[in-house]
2 protein chains.
Amino acid sequence: MTSIDDVAKLAGVSTATVSRVINNKGKYSEKTKLKVLKAVEELNYKPSTQARHLAKFRKGFNICVLYSERIKKHLISEKNEFIQKSFYSIVLKGIADGAQENKVKMDTLTFNEFIKKNTKYDGILILGSDKIPNNILECNIPIVFIDNYIVGKKTNSIVSNGFDGTYYTIDKMIKRGYKKIFHIHGSLMFYGFRRRFEGYELAMKNNNLFPITYEIKEEEESINYVMSMIMPKKPEIIFASNDSIAIMILKYLKNNNIKVPDEVQLIGFDDVIDATLVNPPLSTIKVFKYEMGNVALERLIELINGKNLHPYVTSLFTEFIERKTTKGV
Amino acid sequence: MTSIDDVAKLAGVSTATVSRVINNKGKYSEKTKLKVLKAVEELNYKPSTQARHLAKFRKGFNICVLYSERIKKHLISEKNEFIQKSFYSIVLKGIADGAQENKVKMDTLTFNEFIKKNTKYDGILILGSDKIPNNILECNIPIVFIDNYIVGKKTNSIVSNGFDGTYYTIDKMIKRGYKKIFHIHGSLMFYGFRRRFEGYELAMKNNNLFPITYEIKEEEESINYVMSMIMPKKPEIIFASNDSIAIMILKYLKNNNIKVPDEVQLIGFDDVIDATLVNPPLSTIKVFKYEMGNVALERLIELINGKNLHPYVTSLFTEFIERKTTKGV
DNA sequence: TTGTACGCGTTATCAG
DNA sequence: CTGATAACGCGTACAA
């Protein structure tokens, strides 16, 4: 392992100068630059990102978290309530905690606020899958996307592994002996919904069952309409794309005097706080929102420190949380 | 940001003692333990993994890379050749380079060798998707899987993003005006093949084209058989699950005097060295094998240092490399 | 059982 | 333009 000292010695300069050349900061002559680069080459020197982080640490970092107007409204509307309950507020907590540990100063802004503000940041975190203005994407600093992954763009993204969680859960239900498992889903244009769909589909197929799926708009009207079509077919289990849809389904079932889980079982996805508050409490597949925020921040710091620059998607594993809308074992 | 010093001060002990309690190492009285834990709690202290790494660094780590007999044979057979050319040897290089930078001592063993040897390691890297003996999976140290992801097991895995690369490439071909794009694939039991399949399928569907797919065994006989069925249908482009299959297809086409890319175009996946050596050189989707090894090692070190323990899959983006089996723009 | 002091590799600061 | 040196936070020999 070769350190900056080795390079300095070989080049006949101080470590400070080596650092300056490597990071292209401060002043140095062309001559020393060449000496240093030659030594770097010769020793195959790669700076330690850990040590670099520690050294930079003193100054701290400045990042900002960006989201759409829609999400902002969502977050503000919670401020008055005692529990911060939305998906995004938990993600934000994960980011904020990580920021505190890493001496990161963090602003939270909407896309438009950011564009107007024009401050310099070391990196950006983008929250959610709403449309992002192009001039944000084109700014030349590290960006990490949370719960958003656009196929064909090579972005650093943190998402939940909906495929795996769904496959695992549906397979578990089939192993309990159920066969008539239906899937009600939102638009498959969204990566998240599509992965859950695919997990459901594969679990069914691998067990020689035929997948039965219905697309809905995420509104009560649409859901009620589809439910009225579905129920005569006597599903044993309904799996919904997310908790919000599942909860609207639950409402429909109650309004129609259909007993859950006795007559039909119900499974959601996300594990939002509401899932515990409805009656009966919703069985669901938990997304690790806090960890999502945390990991996103860590990834952003990596990028700021120049580590693992090749872009990749990080998919956090989910977990089936069994409450009272399924029958248990 | 609260450091070990703050905790030490509040608890009225030295930093050494705090460290001992936190890491459960060395001796300390129950009384001091309580004092320390209370201070930790109160200050919400979380040790910096970066600093921890730097401190542990002096001792270095011991890890080992495990693979099947099959892969070992593969690797050994290359030893005599001048170019280390296989997929796995490049991954290994990525691991080895990372290991050197991080003062990690690294053994490479087959599963059986490992089981016999019974040495203590700080962590394990498992290479490839061959079957892994259970007693390895059950050993209680951090494991990172490379190019292997078993649905339903919550493992830390590094894979290539076959879905994205395939979607992007097929979409590109369709935008060039081609419609008759066929996919020849290996067993969809393998996660990697399935993701490529899904990327192909979605790209076709989103462009209102009908996906046409054929499953083969990865042997010439099977491929020749399927090819003889396919060619009368006049495909414009054939996309294969990987380069090895693509190269066998290319051989078939040559043997049958079918001109590539004039009469039919061909795309592989992986970008192994052979892809550049065949005639004409193969257009393919590149997997970043070196980065895969590198990222895997970094992830393992994270786990050893107790950082980001929630398991996740890391999917590295791929890239379309256009050579001579496609017609270019 | 506990504390002191140093080292890990890097960068920022300040003096020259 | 360059060098010396003090941090950054943690773990651990060694001393007490």
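Helices (H or I, at least four residues) and strands (E, at least two) are taken as DSSP runs, numbered from the N terminus. The structure is a predicted model, in which local features need pLDDT of at least 70 and side-chain atom pairs count only at pLDDT 80 or more, while totals for chains, interfaces and linings use all residues. Residues are numbered from 1 along each chain as its sequence is written, chains are lettered from A and ligands numbered from 1 in the order in which they are written, and side-chain values use heavy atoms, with hydrogens and water left out.

In chain A, residue A:V65 lies in strand β1 (residues 61–67). The relative accessible area of A:V65 is 0%, and the residue is therefore buried (under 20% relative accessible area; exposed is over 50% and partly exposed in between, with a 1.4 Å probe and protein chains only). Apart from neighbours within four places in sequence, A:V65 is in contact with A:L92, A:I95, A:M106, A:D107, A:T108, A:L109 and A:L125, contact meaning heavy atoms within 4.5 Å. A separation of 9.9 Å is found between the C-alpha atoms of A:V65 and A:A96, which are 31 residues apart along the chain.

Helix α1 (residues 4–11) of chain A packs against helix α3 (residues 30–43) of chain A at an angle of about 125 degrees, with the axes 9 Å apart. Axes are lines fitted to C-alpha atoms, for helices over the stretch in contact, and angles run from 0 to 180 degrees between N-to-C directions. The helices α1(A) and α3(A) are therefore oblique to each other; angles under 35 degrees count as roughly parallel, over 145 as roughly antiparallel, 65 to 115 as roughly perpendicular and the rest as oblique. In this pair, A:D6, A:V7, A:L10 and A:A11 of α1(A) meet A:K35, A:V36, A:A39, A:V40, A:E42 and A:L43 of α3(A).

Between the chains, helix α4 (residues 49–56) of chain A and helix α4 (residues 49–56) of chain B cross at roughly 125 degrees, and their axes come within 9 Å. The arrangement of α4(A) and α4(B) is therefore oblique. Residues A:Q50, A:A51, A:H53 and A:L54 of α4(A) and B:Q50, B:A51, B:H53 and B:L54 of α4(B) make the contact.

In chain B, six strands form an open sheet of mixed pairing, in the order β7-β6-β8-β9-β10-β12; two strands pair if DSSP finds at least two bridges between them. The edge strands, β7 (212–215) and β12 (319–321) of chain B, each pair on one side only. Strands β8 (residues 237–240) and β9 (residues 265–270) of chain B run parallel and are joined by three bridges.
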